[in-house]
Structures are given as structure tokens and as C-alpha cells.
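This report describes selected contacts, helix packing and aromatic pairs. The sequence and structure are shown first.

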Amino acid sequence: MIDLTITQALEKLKSGEISATELTRAYINRIEKYGAELNCYITQTPERALSDAAAADARYAAGNPLPLDGIPIAMKDLFATRGIRTTAASHMLENFVPQYESTVSQKFIDAGTVLLGKANLDEFAMGTFSKTSFFGAPINPWQISRKLTAGGSSGGTTSAVASGLAIAGTGTDTGGSIRFPSAITGLVGMKPTYGLCSRWGCVAFASSLDTPGPIARTVDDAALLLSAMAGHDPKDSTSADVGFHAHTPLEPVLGDGKKLRIGIITEFNDVEISSDMKRLFNARIADLKSIGAEIVDVSIPNILDALAAYYIIAPAEASSNLARYDGMRYGLRVDGNDLIDTYKKTRAAGFGTEVQRRMIVGTAVLSSESYEVYFMQAARVRRMIADSFNSAFNQCDLILCPSSAGSAMPLDSDLSPLEYYALDLFTVAMNLAGIPACSVPAGLAENGLPLGIQVVGRRFDDMRVLQLAKHIEQFAGIDNRPTKIMGK
């Protein structure tokens, strides 16, 4: 049962072949069996899940099911869930239980989903391997004995979905935190247009970059999840008054005489990627050409500067957002000799090394001596990158590029902070520009591990991004069933 996709599960639920309770119990049993080994959940909610499933079964029996009724999902532990611990994978919020529901998690409640638990992540979503989590790193279920990274910051969700400990889940993408982990775990990860999904109730990292989105095994499943997540939210001032609704299976965007210009970013030609990534990227381009796509070169002149701009803007916003954690109102409190000493001791104990590093960098670039030299320069580069994407889309309809330079690396890889940051090279520019991008499995490397390709589109062209991603998915044809991946 855990090999079902969302679309397959909904068919069986609607026909009465299975019940939501049976489906949910299958996932709970699998979590009990493999949850500790994979470490993909911070908080498991089996009682809540069975209650959600019973309510879904009642609606199916009454003939009025909700759009995603009875679908068991993992919620990244960055989304506030009323009455359920929400930690952001930090000691600072280790015991925080919100009395409110984030807009995204509420939308999933309204769609009838079943909450299996809160998924692991990098602390405050700051990281690439999910190694900065206070609760330890999740494990990639592909070649599980090798202890590979499931990516970050949404590594808990990708580990859970790829291993069959959830049918799908949510992530957030600030600089690639949905797309990179999805790529190296053989999943579909969608970073929607900024503003399409509400950030209200989602623990903030960098407010102008954070983007909630879906993680699933197929493009159709990701489209169904995005349909539930998207929509205007008056509680979020950055929320766009734009909706999204996908009819699945998605309509093809190529073939039967349909023409589409697909852009390849020339500046990425000299960036070093694995031979497997080159081979699969070229193979998928050839596949798209075979059904009528026109491949064109496009230039994003400042895209190689995106990494530097991102690692100025994101820490700057983080330093402001995380100033609220002072031990006074909620979260960890370590008493000191006076107020200032309490602040110091609380924040020193509550935040991990990577979070402290980014806050220090962010505070420095916002200082009066550095603001114009660093922050404003990064903001100008950001604008230039966004303008360059707009110009590129005058020459093409969609853009294709790798999601990562190679396949999953061991969790114990000895990389410096700068080497970890460089892993975001292919993903950060899309966050700076606020445009949609979807990582879709491109095939398997010679070592048997999955690799992903990104489809990038204009603002609010999320549907066409998913449609082209589906073509790539069909050509790649990888078997990402959990029982196939784990051999059990």
C-alpha cells in the first residue's frame, strides 16, 4: 500500500477498495519499523493521524469527500501546527507548542489530509544536508547502508517520502531547500512562484526568499498538493492574489504539433558537474527535441553572482527574524545575572553553530559601515538577476538546468561552510528572482543514485513548469517506489 502515489490512493479510496484508516495504519506501521533508523520525523502524531483518517472515512461513506481526503502526509517542522510541537529543528524551540495553525497546514486540514508527523530539517532551515538539526540528520533511503544525505533543509520530508514513511509532504525553499533534497532522493520538488503559497505561520528564515512548496513522488501528485497549498492569504502581506488549480493527469505541453522554446543558460556551461549529470541532462534535452521542443541558448549574465548575493541577503534577513528569540516570551530561556546576560546565555545555548554563523554575518552586513558596501550591492545584483530572467523569457518559454552538480554525498563528507554553500549554485538565483522552479528526476547515475533537472518558468507560470516537468519524468522513467528503493 505504501507504494501508491496520491492519484492512485485517491482512486482506491473513492472506490472503497481501501479505507483511509487502512492506508494510514500502513504508514504508521512503517514509521514504527524504520522511523528511528531514518530519523526523518522530529514528532510523530499517530493518534492525530488515525483521528484524521476516521474523519476522512466518514466523509467517503457520506459521499462528500474532500480533495485530498485520507492522504497521509509529512509536515516540515517549520509550519506551526496547533497543539503539536513545532521546533524548527532547534533547541531554541524544542518544546514550543503553538496555539495557532499555519495557513499552509490549515489548507491541508481543509483538503482532508492525514498528518503523520512533523518532519526533520536543518535548524531554522539553514543548511544543505539537514546536519544542522538539533535532533540529528535524516538519512537518505537510497543505498541506506551508505548513510547518504537526504539533502537540506527539507531533508526530513524527502527521506520520509522516498522511504514510504509518508505518501507526500511539505517543504520550504529559501535557496533550493525543496529542489536539492528532492533531486538527490528521486522525488519531485516544486518551488512555486514567491507569494503563491502563504508564509503565515511558517517559522521565518529569510522573508523575501522563503517559499513553501510540495514534495511528492510524481509531478501529478505535486500538482495536486500545490492546488491545496496555493491561494491568497490576507494574513500574509507578501501573498499574491493568484490561485492555482491543477486537473490531473496534467495536459502535455509538448507534442502533437505544439511548439515550445526551452532555454539553456550559457553561464552554466563552464560550471563543473558530474559526468552522470551531463549525460542525463543531454539525454533529456534530446528527448524533448524529439517531441518538438526548440532548444535555445539564453544568457543570465549575473547568475554566477547569485550565490554571493544570496549569502548576504539571506543572513541579513535571518539576523532580523531571529532577533525575536530572546527567552522572554516563548522558547528556551537560560537565566543570567541580568537582562543582557539572560539574552546572551539564552541565544548562545538555543542556537546551533550554523545559525549563529549566519546571524553574525547578517548583523555585520546590516551595520552602518557595511550596509551600502554589501547589502545594497547584493540587492542590486538581485534586481539584475531578476531582470535577466525576464529578458531571457523573451527568447524562450521555459528554462532547463541541473538541480545539483551530482548525486547524494555521504553525511560525513568533510566540507567547509563555503563548500556547503556552493552546493546551492544551481538553485539560489530562482529564489532571488521569485520565479517558479521544479526539480524532477532525470534518471540514475552510474552508482545507482538519482539525479534531478530543474524546469524554470516566468512568475506565476507554475502550471507550464509542471507540465514540462511531467515530460521529463516520463522520459526518465525511474522507479521511485519505496519498496524498490529500500528493497523492503
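Contact here means heavy atoms within 4.5 Å. The model is predicted: local features need pLDDT of at least 70, side-chain atom pairs count only at pLDDT 80 or more, and totals for chains, interfaces and linings use all residues. Residues are numbered from 1 along each chain as its sequence is written, and side-chain values use heavy atoms, with hydrogens and water left out.

**Two loop residues**

Leaving aside neighbours within four places in sequence, Asn-39 is in contact with Asn-120, Phe-135, Gly-136, Ala-137 and Pro-138. Asn-39 lies in the loop between helix H2 (20-38) and strand E1 (41-44); helices (H or I, at least four residues) and strands (E, at least two) are DSSP runs, numbered from the N terminus. At 3.2 Å, the side chain of Asn-39 reaches the backbone oxygen of Ala-137.

Ile-18 is located in the loop between helix H1 (6-15) and H2. Its relative accessibility is 11%, so Ile-18 counts as buried (under 20% relative accessible area; exposed is over 50%, partly exposed in between; 1.4 Å probe, protein chains only). Apart from neighbours within four places in sequence, Ile-18 is in contact with Met-1, Leu-4, Ala-9, Lys-12, Leu-13 and Leu-23.

**Packing of H7 and H15**

Helix H7 (residues 219-229) packs with helix H15 (residues 462-476) at an angle of about 160°, the axes being 9 Å apart. Axes are lines fitted to C-alpha atoms, for helices over the stretch in contact, and angles run from 0 to 180 degrees between N-to-C directions. H7 and H15 are therefore roughly antiparallel to each other, a term for angles over 145 degrees. From H7, Val-219, Asp-220, Ala-223 and Leu-226 meet Asp-462, Leu-466, Ala-469, Lys-470 and Glu-473 of H15.

**Aromatic pairs**

The whole structure holds 13 aromatic pairs. Rings of Phe, Tyr and Trp (its six-membered ring) pair if their centres lie within 6.5 Å; planes under 30 degrees apart count as stacked, over 60 as edge-to-face and the rest as tilted. Two pairs are tabulated.

| Pair | Centre to centre | Angle between planes | Class |
|---|---|---|---|
| Phe-96 and Tyr-330 | 5.7 Å | 35° | tilted |
| Phe-389 and Phe-393 | 6.4 Å | 25° | stacked |

Phe-96 and Tyr-330 are 234 residues apart, and their pair links distant parts of the chain. Phe-96, at 18% relative accessibility, counts as buried, whereas Tyr-330, at 32%, counts as partly exposed. Both Phe-389 and Phe-393 are buried. Ring pairs also link Phe-96, Phe-124, Tyr-325, Tyr-330 and Phe-351 into a cluster.

Definitions and conventions:
Polar contact = N/O pair within 3.5 Å; in protein donor to acceptor, adjacent residues only side chain to side chain. Parallel < 35°, antiparallel > 145°, perpendicular 65-115°, else oblique.
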